[in-house]
Amino acid sequence: MENLFTANSIIAEYFYLGLALLVIASFVAGYIDSIAGGAGLILIPSFLAVGLPPQLALGQEKLVSTIGTIAAIKNFMKSSSIIWAIVPVGIASALLGAYIGAEVILMLPTHVINYVIFAFLPLGLSATLFKGKLMKQQDEAVEIKKSAVAVFFTCLIVGFYDGFFGPGTGSIFIIALFLINKLSLLQASATSKIFNFASNIGAFVSFMLAGQMAFVIGIPMIIASLLGNHIGSQHAINSNGEVIKKVLVITVVLLMLTVGYKAIFA
């Protein structure tokens, strides 16, 4: 298994220490995600810092986040806020877009992917923070755009982003459905869960077929992520979401500096 990891990295030299750090990162990401969103913003740079190659880091994030989405989506399936009329087209295009996006990122050289991740992290963070501000607005009754073309291209583009990079996809889906398709914020939030699940599956299949997932070390990471999500959801009501968002920003910036240093000087 050692040949899966970056040479001379933490997990390559000290496997159990590296695995412990990955499990801790998964727990923290799950906890923060349940309150403020943005699990991938923590997971991907953490994976890189510990010693997972960029392709494996992206694939492993899909492994952890897809299982997390399965656990979360149960709460929304019976929701009256889901706009079922646009779901079939959205699922198909999100699946397709994510698969294509993952195939594109997997074709790039390793050093290029490092720079792509470093460049896209601020975009994912911005989308996550903007979604939080957007959700504070009051919904207004407007006519929903159920155009199959509009839904198809919205989900295709966001799905491509999910496969190509990932972090912040849920927030981008909510923002796009609200601004472009004119769903209310509640409707956009509920419907986006299904589209995000579809894009996760599309990217998951691509990374799995490419052998860029480590299921053995992924099991404790998934358990830690689910536990973090569970505890975070219990604390969400009584905790200050703004404090969590500030912690998210600081954590992502520190991880970006670490990844950037490794990319430039390693």
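The phi of K182 is near 65°, a positive value in a residue other than glycine. K182 is partly exposed, with a relative accessible area of 33%; on this scale buried means under 20% relative accessible area, exposed means over 50%, and partly exposed lies in between (1.4 Å probe, protein chains only). Most residues other than glycine have a negative phi. A second residue with a positive phi that is not a glycine is N8, at about 65°. N8 sits in the segment before α1 (10-13) and is exposed, with a relative accessible area of 67%.

**The model and its confidence**

This is a predicted model, in which local features need a pLDDT of at least 70 and side-chain atom pairs count only at pLDDT 80 or more, while totals for chains, interfaces and linings use all residues. Residues are numbered from 1 along each chain as its sequence is written, and side-chain values use heavy atoms, with hydrogens and water left out.

The protein chain averages a pLDDT (the predictor's confidence in each residue, from 0 to 100) of 83, and 80% of the residues score at least 70. Confidence is highest in helix α5 (residues 87-107), at a mean of 96, and lowest in helix α11 (residues 241-265), at 68. Where pLDDT is low, the predicted coordinates should not be read in detail.

**The chain as a whole**

The protein chain holds eleven helices and zero strands. Of its 266 residues, 49% count as buried. Among contacts (heavy atoms within 4.5 Å) between residues at least 6 apart in sequence, 81% join residues at least 24 apart.

Two packed helices are described by the angle between their axes and the distance between the axes. The axes are lines fitted to C-alpha atoms, for helices over the stretch in contact, and the angles run from 0 to 180 degrees between N-to-C directions.

| Helix pair | Angle between axes | Distance between axes |
|---|---|---|
| α5 and α7 | about 30° | 6 Å |
| α7 and α8 | roughly 165° | within 10 Å |
| α8 and α9 | roughly 130° | within 8 Å |

Angles under 35 degrees count as roughly parallel, over 145 as roughly antiparallel, 65 to 115 as roughly perpendicular, and the rest as oblique. By these cut-offs α5 and α7 are roughly parallel to each other, α7 is roughly antiparallel to α8, and α8 and α9 are oblique to each other.

A crossing is left-handed if the near helix is turned anticlockwise from the far one by less than a right angle, and right-handed if it is turned clockwise. The crossing of α5 and α7 is right-handed. The residues that make this contact include G90, A94, A98 and I105 of α5 together with A148, C155, G159 and F164 of α7. By class, the contact of α5 with α7 has 15 nonpolar, six polar and no charged residues, where Ala, Val, Leu, Ile, Met, Phe, Trp, Tyr, Cys and Pro count as nonpolar, Asp, Glu, Lys and Arg as charged, and the others, Gly among them, as polar.

The crossing of α7 and α8 is also right-handed. On the α7 side the contact is made by T154, C155, V158, G159, Y161 and D162, and on the α8 side by T169, I172, F173 and A176. These residues divide into six nonpolar, three polar and one charged.

Residues of α8, including T169, F173 and F178, meet residues of α9, among them L185, F195 and S199. The contact of α8 with α9 divides into seven nonpolar, seven polar and no charged residues.

**Two serines in helices**

S199 is found in helix α9 and, at 0% relative accessibility, counts as buried. Leaving aside its neighbours within four places in sequence, S199 is in contact with A94, A98, G159, D162, T169 and F173. S199 and C155 are 44 residues apart in sequence and 8.5 Å apart in space, taken from C-alpha to C-alpha.

S225 is found in helix α10 (residues 215-236) and is buried, with a relative accessible area of 8%. Not counting residues up to four places away in sequence, S225 touches S26, F27, G30 and V64.

Definitions and conventions. Helix = DSSP H or I, 4+ residues; strand = E, 2+ residues; numbered from the N terminus.
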